[in-house]
Amino acid sequence: MSENNIVNPNAEQEVVATAQAEPATATTNAPEVIETAHDDFDWSIDKRNVAQYSHEEMEKYGKVYEDTFVQIEDGELVNGTIVGLTKTDVVINIGFKSDGLISLNEFRDLPGVAVGDEVEVMVVEKEDRQGNLNLSRKSARTFRAWERIVEVHKTGEIVTGSVTSKTKGGLIVDVFGMETFLPGSQIDVKPVTDYDQFVGKTMEFKVVKVNETIKNAVVSHKALIESDIEAQRAQIISQLEKGQVLEGTVKNITDFGAFMDLGGLDGLLYITDISWGRISHPSEVLKLDQKIQVVVLDFDDDKRRISLGLKQLTPHPWDVLPEVIAEGAVVKGKVVNIEDYGAFLEIQPGVEGLVHVSEITWANTPINAKEFFKLNDEYEAKVVTLDKDSRKMSLSIKQLTEDPWNSIEDKFPENSKHKGLVKNITPYGVFVELEAGIGGMIHISDLSWLKRFNHPSEYVKVGDEIDTVILSIDKENRKLQLGHKQLEEDPWNALEDTFAVGTKHEATVTRKDDKGALVQLPYGLEGFVPSRHLTKQDGTSINADETAEFVVIEFDRNEKRIVLSHTRLWEQAAVEEKEAVKKEAKAEAETTKKAVKAIQSKVEKTTLGDLGALADIKAKLKSEEGDK
């Protein structure tokens with residue numbers, strides 16, 4: 001715009017002020033000017049709608065013109081008026097030199113937007129590359145929303161927001177027009193797995209965290225619930241009394257009990273306080289979300305712990321025990337616990353009796369209760385003792401039948417033979433059951449005449465049938481001594497001649513250690529060879545599984561023991577060979593001696609030469625006698 005021209009905004013006609021032109025100064029070198037018909041026209045003659053201003057007036061009116069517009073800066077929040085609407089944009093007048101355009105999408109929350117409405121906007125740029133004023137309502141709302149969010153975070157005020165979408169780990173919530181994050185763990189006091197059910201809902205929240213740097217906020221709905229629960233909890237605790245009966249909802253079930261929701265306050269119902277009877281898990285009686293009445297057993301104001309009971313709402317079963325359950329009565333019960341010393345039968349919920357191992361069977365054989373009983377199995381038993389005050393009951397299974405030991409001699413006399421079932425094996429013998437309640441033990445030494453066993457399990461297994469003979473009866477101590485080898489004659493009587501000391505036998509080494517070796521002899525006998533008697537003539541030793549010839553050096557019928565030697569075989573042969581050599585030399589000396597005597601008897605008179613020959617013969621004889 002020229003300094004000599006001013007646009008009047010109220011006039012549609014343009015006013016032009018023209019300064020009078022000064023005549024050109026002629027110079028001697030100026031070219032000749034050719035005059036035309038218009039050169040002498042005075043352009044300032046026509047004065048219609050033209051005003052001339054001085055320089056001072058021009059500055060004055062220019063300032064007035066500039067002051068008609070507001071002064072704005074980028075990032076500033078200003079109020080504007082909607083002066084126009086298009087299909088895609090909203091025209092906003094903020095009192096600046098030009099109007100601004102804002103996308104209609106930024107007004108989605110104002111469905112009834114119309115010309116004349118006032119809105120707050122942010123100046124993004126006073127003049128962009130195209131010279132346009134760039135405004136944003138969304139930025140203005142976000143700025144104001146962040147200010148409000150920071151404020152309510154400081155004050156703890158509750159805000160209302162709309163859940164717009166689901167995201168990883170939680171939900172997006174619109175609060176004051178700004179997106180905030182609601183973690184999944186902050187939705188409810190109970191775990192939430194389905195986030196979709198909250199999308200589109202309007203809920204109350206508490207701002208729990210803000211990040212000024214990245215303009216990010218975290219909200220929580222759980223915090224509101226917890227504060228409400230805390231208020232309810234304080235009210236309930238203030239009214240609690242031991243023995244008070246409350247209604248609660250089963251909130252969670254664990255191995256050790258159930259957590260109850262008492263209306264804002266949690267209590268623990270231990271498994272031992274659920275039922276008078278034994279239960280292995282609370283789920284056998286309770287279900288999630290089940291409403292039940294419970295009694296307050298104890299509570300701690302400081303730790304806010306409440307112990308609850310369910311079984312205490314009913315009388316103790318021992319206090320209302322039926323009269324039919326008395327000493328001598330036959331009852332039926334379920335095995336609820338097994339210990340080494342016996343098993344507990346539950347006669348009715350909360351009433352148990354002990355079947356001691358000694359009351360299981362009439363047999364005097366050791367019984368393992370954990371092998372005899374199985375959990376939840378049912379048995380009939382006789383009540384032996386009953387003490388309601390101490391709430392104890394002893395039971396017996398064996399007393400349901402007659403004691404077979406009363407007539408033991410009639411059915412199982414001494415020397416009688418019977419088949420039995422191996423029930424138990426110990427290092428010193430085998431326990432055999434002849435019939436229910438009657439059994440005895442076969443000592444390890446009575447299993448076989450010929451073999452020695454380190455353990456009875458080398459000969460027989462549990463569950464095997466075995467033939468036995470009654471060796472003796474101890475009625476007072478309820479014991480039978482059984483035998484197995486006694487079913488046959490003692491073979492050692494006949495073997496004494498066969499395996500006499502000095503006899504030779506072929507045998508195979510079955511086992512070898514530092515002390516010696518066990519060898520298998522004919523007729524199923526076993527013998528022992530000491531280590532020093534295993535040496536061969538070449539200096540080596542006989543090894544396991546090797547067969548060789550042995551000589552018996554000891555036979556003990558009472559101890560059922562045969563000791564043999566391989567070494568003595570070749571040592572004895574060497575001695576015999578030496579003895580044979582000595583005997584031959586002695587015979588030769590005797591022959592020579594007789595010859596000398598014969599010569600002497602024939603010679604009446606000796607000569608010096610004869611005497612020399614005789615002296616030589618005598619010397620030889622003496623030498624040979626010295627070798628003997």
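How much space lies in the largest pocket? About 610 Å³.

## Basis

This is a predicted model, in which local features need pLDDT of at least 70, side-chain atom pairs count only at pLDDT 80 or more, and totals for chains, interfaces and linings use all residues. Residues are numbered from 1 along each chain as its sequence is written, and side-chain values use heavy atoms, with hydrogens and water left out.

## Largest pocket

A pocket is an open set of points on a 1 Å grid over the protein atoms alone, where a 1.4 Å probe fits, with protein on both sides within 12 Å along at least five of seven lines. Its volume is the space filled by probe spheres set on the points, which are joined across faces, edges and corners.

The lining (residues with an atom within 4 Å of a point) counts 26 residues. Nearest the centre lie Lys451, Arg452, Phe453, Glu526 and Lys560. By class, 9 lining residues are nonpolar, 6 polar and 11 charged. Charged means Asp, Glu, Lys and Arg; nonpolar means Ala, Val, Leu, Ile, Met, Phe, Trp, Tyr, Cys and Pro; the others, Gly among them, are polar.

Strands E26 (504–512), E27 (516–520), E28 (526–530) and E30 (561–565) each supply at least two lining residues. Strands are DSSP runs of at least two residues, numbered from the N terminus.

## Barrel E21 to E25

Five strands form a closed barrel, E21-E22-E23-E25-E24, with mixed pairing. Strands pair if DSSP finds at least two bridges between them. E22 (429–435) and E23 (438–443) run antiparallel, joined by 6 bridges. Val432 faces Gly440 in E23.

## Barrel E11 to E15

Another 5 strands close in the order E11-E12-E13-E15-E14, again with mixed pairing. E11 (245–253) pairs antiparallel with E12 (257–261) over 4 bridges. Val250 stands opposite Met260 in E12.
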